[in-house]
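Biologist: Before we discuss any labels, please show me the model, and then let us take each term in turn and ask what stands behind it.

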Amino acid sequence: MKNLMKISTAALALSLGATSASAEGNLVLYHWFEYIPQELLDKFTAETGINVTMDTYDSNESMLASLKAGAIGTYDLAVPGDYMVKIMAGEGLLDTIADGELANKGNIAREWADPSFDRGRTHSIPYQWGSTSFAVNRDVYQGDINTTDILFNPPAELAGKINMLDSQGEVMAMASLHLGMEQCSNDRTQLKDLNAMLTAAKANWASFNSDTAKEVLVSGDAAVGQIYDGFSAKAREEGANVEYAFPVQGYVVWMDNVVLLKDAPNRENALKFMDFLLEPENIAAVSNYARYASGVNGVADFVDPELAKLPEGNPPVSAGAPVFIEVCNAETQAVYDKIWTNLKK
Amino acid sequence: MAAGAASGGSATTDTYKESRTWLLMPAWLTLSILVLAPVSMMLVYSFLTKEFRGGVIWEFSLAAYDQFFFDRGLFGDEAPKIEWTYILIFWRSIWQAGAATLLSLAIGFPTAYFIATRPEHSRPLWVFLITIPYWVNLLIRTVSMKFLLRDQGPFNDLLISIGLIDSPLHIVNTNFAVQLGLFYSYLPFMVLPIYAAVERYNFSLSEAAADLYASKWVTLRRILLPAVKPGVIAGCILVFVPSMGSFLAPDLLGGAKNFMIGSLIEEQFKGNAGNWPFGAAASMILMTMVLILLLIYARQQARAEKTEG
């Protein structure tokens, strides 16, 4: 009898525990791989009692494909890049955050509060941002590197030693900057120029590779590499004498954002997590892990001081304007696809 | 080889006659779920209208095949000309795969012959040694290959240190690197079928030929090769077909500067293009080509068996 009492008490306690856990509920994230420290998720669970589960993806396009193929309704939050936020909103995959639903919305830095890809931040909050430009091996070339000529019209020392990102969006955006034209321009003369310029420039390129963009610089296979700022810093840490360029013609910036998905099964908890990520201390932990900048005020006290000193994060005064990759309409995109196939045929 | 399998099969049929349908069920189920269903889906998709940024609209369209065969200019409004771009990409893939197959045959045939002529008890050990490198993931092997071959890599260092060359051979990011990568990826598929054929070859036939004053070359060409031909052809098909669709070696070793069929199709699903019907159409065209190749082979086999019998 005594034993039975014990067991039923334990069962009761267990079921109580279970109810209290489910009362706090769950949160399901769809996130890039290796982009958030586990300690931060544990901290969120400790503070709120909400269980966090996470699936990961490796490109914006594969995340979109998976959501379009029926995963919508499974996840609460995803972390698309700037242009992808706009595409997802256009496809009706995002929920709207009403005014006042996020207590910490005021923490968003002023320059990121009203971005072109999500006016008024109605679907998203900033996660991390950085830039895409190119890095040059200073042992091979000592001249001025802050020009897009390095990629598209290189000096003799660098010809044949250039690795480009194997990504249509990044290459087209940089090429448009080089020619001084609007991205996604549907002007026929400009599109023909773009096609001709890229075909000619390819003769000087060694390879297209995104996954090993950093490794080819470290190994010395390439002397110039189109690259993300964080990868450039890591290449230098691994011994490559590379300098990150800020071309006078401009360079590409990107921002990953946490978005509230349509039909989120745990909408309340998703909003709590967004508020959690807008706390300077928490988002700084992401920056220290991923080595990129956040778009939140007041992080200075929490961020690794080394991070602020990186040359990749401090453009010189000569640097051109940073631009986001733009989303082309179907008609222009069809021409872009054609140019890309021409380039790689 | 085919004849041997058939006669073995008829014995089995007699023993298990009653349960034949049931025994075939797993094979039929696997084939229909894993092969027939996806291929039919692809066939249907290739005739649908593309949706912007991936996906399909359920309306019949020949646009994907039109894009493959006709060039309507950069803006799609010129008079149609023959589109050479995709033919060129297919031709390049066939050429690369063909070169890799010849390379595999050149190395694989002597290797298989060597193994088959070892004492019987040591043959499994040699076969085992051939397969060991293939326990490692293909991606890792391809990356290692790149590391070995690159300008400042061990291979060039070795050649320079023994004085064979003065400046490094530029191999990585060339077509030759792709062929080398494909050759290395699929070599066992060449060695094993040829080994199986040579092992069953009756070497007293070679001795008889020698007794009748046939030279070694004539013995190889007129006696051994015809006898092991099915194994050689099977090996060639097993190397050629996956090489044509491969995209790891072209991307990593060839620098992804030129599309191969595999990378062209991948781009339609995972890249910016997001043109599913075109990716499906390119796959169907590739599959049709491979099928025609196999049919020609099968007909020749049938004819050969008829003349023998």
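**Terms and values**

Modeller: About 930 Å³ of space lies in the second largest pocket, where a volume is the space filled by probe spheres set on grid points joined across faces, edges and corners. This is a predicted model, in which local features need pLDDT of at least 70 and side-chain atom pairs count only at pLDDT 80 or more, while totals for chains, interfaces and linings use all residues. Residues are numbered from 1 along each chain as its sequence is written, chains are lettered from A in the order in which they are written, and side-chain values use heavy atoms, with hydrogens and water left out.

Biologist: What makes a residue part of the lining of the second largest pocket, and which residues lie nearest its centre?

Modeller: On a 1 Å grid over the protein atoms alone, a pocket is an open set of points with protein on both sides within 12 Å along at least five of seven lines, and a lining residue has an atom within 4 Å of a point. By that rule 41 residues line this pocket, with Ala334(A), Lys338(A), Gln67(B), Gly73(B) and Gly76(B) nearest its centre. Helix H13 of chain A gives the largest share, nine residues.

Biologist: Why is the contact of Lys344(A) and Asp166(A) called a salt bridge?

Modeller: A salt bridge is a side-chain nitrogen of Lys or Arg within 4 Å of a carboxyl oxygen of Asp or Glu, and this pair meets at 2.8 Å, N to O. Lys344(A) lies in helix H13 and Asp166(A) in the loop between strand E5 and helix H6 of chain A, so the pair ties together parts that are 178 residues apart in sequence.

Biologist: Is Lys344(A) buried or exposed, and how do you know?

Modeller: Buried means under 20% relative accessible area, exposed over 50%, and partly exposed in between, with a 1.4 Å probe and protein chains only. Lys344(A), at 3%, therefore counts as buried, whereas Asp166(A), at 27%, is partly exposed.

Biologist: What relative accessible area does Trp135(B) have, and why is this residue called exposed?

Modeller: Its value is 61%, so Trp135(B) is exposed, and this residue lies in the loop between H5 and H6 of chain B. Trp135(B) also belongs to a nonpolar surface patch of about 1000 Å², together with residues including Phe114(B) and Trp126(B). Patch residues have over 30% relative accessible area and no salt bridge, nonpolar side chains (Val, Leu, Ile, Met, Phe, Trp, Tyr) being joined within 5 Å and like charges within 9 Å. H5(B) gives the most to this patch, with four residues.

Methods:
Accessible areas come from the Shrake-Rupley method with a 1.4 Å probe; for residues, only the protein chains shown count as cover. Helices (H or I, at least four residues) and strands (E, at least two) are DSSP runs, numbered from the N terminus. On a 1 Å grid over the protein atoms alone, a cavity is a set of points where a 1.4 Å probe fits but cannot get out, and a pocket is an open set with protein on both sides within 12 Å along at least five of seven lines; lining residues have an atom within 4 Å of a point.
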